[in-house]
Amino acid sequence: MSAPVAALASPFLATIPSPPQGVWFIGPIPLRAYALCIIAGIIAAVWIGSRRWVARGGREGTVIDIAVFAVPFGLVGGRLYHVATDWYKYFGPDRNPLDALKVWEGGLGIWGAVALGAVGAWIGCRRRGVPLAAFADAVAPGIILAQAIGRLGNWFNQELYGAPTDLPWGLEIYRRIDRETGLADPITGVAMDSTPVTVVHPTFLYELLWNLGVFLLIIWADRKFRMGHGRVFALYVAGYTAGRVWIEMMRTDDATHILGIRINVFTSLIVFAGAVLYLLYVRGKREDPELLRGKPMPGDDDTAATPERPAEEPKATADDADEDEGKDEPKGSDESGDERAEARSADGNGKDAKD
């Protein structure tokens, strides 16, 4: 935690309070705000991705099927990246390696989440027979929105903030304690006093707002230029990393440094450069909607309409043909029903007409 500053030293009265706690207990079951924010972000990403996929010509349910692979892979990848870059928090003297499994306490690296999540998405896309690049374009806005929602979890956990500030939007940080032991517990503890021990830059909020801006940017760009072949996803990556560089440099929480600079700054710059190169060298409009249909799975409706292809007309049956035949006959026809039946029988007992 940053060095305490007196909250009353600020000339502003309007600062942002932190939640007094981030965990509630229903009997022995903990209800964690961080986990709820992650879940809400995943739901939002899948919902938006599904709507965009169908609008592009894909089958209903495809995004959910692929998310079954992508989401678990992404969570594991995000945790692995965090543990690998902040290894000293879990390994070494007075550290418990099993704490690396406590995802609910925070610590998911977006780089690992996207990288390993892409592996899971690739597996799902192969299974459904759809192009990975087109899938990435459809879900990109939902991913950045999920990141914005997930940042609210950092607010509840009182983490990912910057240096002390006297700006009116400074974030109040409280001392949380375990009610049973009386010891400091910043994650599951409760603030017994609403007096802040410090007022800091809410870098989690800066990133949340930046992510919302990137969300709007890629939605607008995709509608205007009808981007395809992974270019929407590349724009998301470039937009996010551009903001992550300056936000990361404002943060004061513990992190691994290289040459005195936080490791995530280097990662952001490298990933940003790769995304920009992709945007410059890859061209092409959206993929053919037929490519997004993929392999039919049990329960799929192959006759469902898409924006690019209307629903198929129902095929005419023998009964329909008979009705149409009757409608086309003059009202004054003397031919009886028996005579018509004999005529059809002579042509093949009526069965060949149906075939």
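**Note on a hairpin and the buried salt bridges**

1. Glu 207 counts as buried because its relative accessibility is 4%, where buried means under 20% relative accessible area, exposed means over 50%, and partly exposed lies in between (1.4 Å probe, protein chains only). This is a predicted model, in which local features need pLDDT of at least 70 and side-chain atom pairs count only at pLDDT 80 or more, while totals for chains, interfaces and linings use all residues. Residues are numbered from 1 along each chain as its sequence is written, and side-chain values use heavy atoms, with hydrogens and water left out.

2. The side chain of Glu 207 meets that of Arg 151 in a salt bridge of 2.9 Å, N to O, a salt bridge being a side-chain nitrogen of Lys or Arg within 4 Å of a carboxyl oxygen of Asp or Glu. This pair links distant parts of the chain, for Glu 207 belongs to helix H5 (residues 203–225) and Arg 151 to helix H4 (residues 132–156), 56 residues apart. Helices (H or I, at least four residues) and strands (E, at least two) are DSSP runs, numbered from the N terminus. Arg 151 also counts as buried, because its relative accessibility is 14%.

3. How many salt bridges does a search of the whole structure find? The search finds twelve, and one of them joins the side chains of Glu 248 and Arg 244 at 2.8 Å, N to O. Glu 248 and Arg 244 are separated by about one helical turn, because they are four residues apart in helix H6 (residues 231–250).

4. Glu 248 also meets Arg 262 in a salt bridge, again between side chains and at 2.8 Å, N to O. Since Arg 262 lies in strand S8 (residues 261–262) and Glu 248 in helix H6, this pair ties together parts that are 14 residues apart in sequence. Arg 262 counts as buried at 6% relative accessibility, and Glu 248 is buried with a relative accessible area of 0%. Salt bridges that share partners join Arg 244, Glu 248, Arg 251, Asp 253 and Arg 262 into one network.

5. Ile 26 stands opposite Ile 29 in S2. The hairpin of S1 and S2 has two residues between the strands, and Gly 27 takes a positive phi near 65 degrees there.

Methods. Two strands pair if DSSP finds at least two bridges between them.
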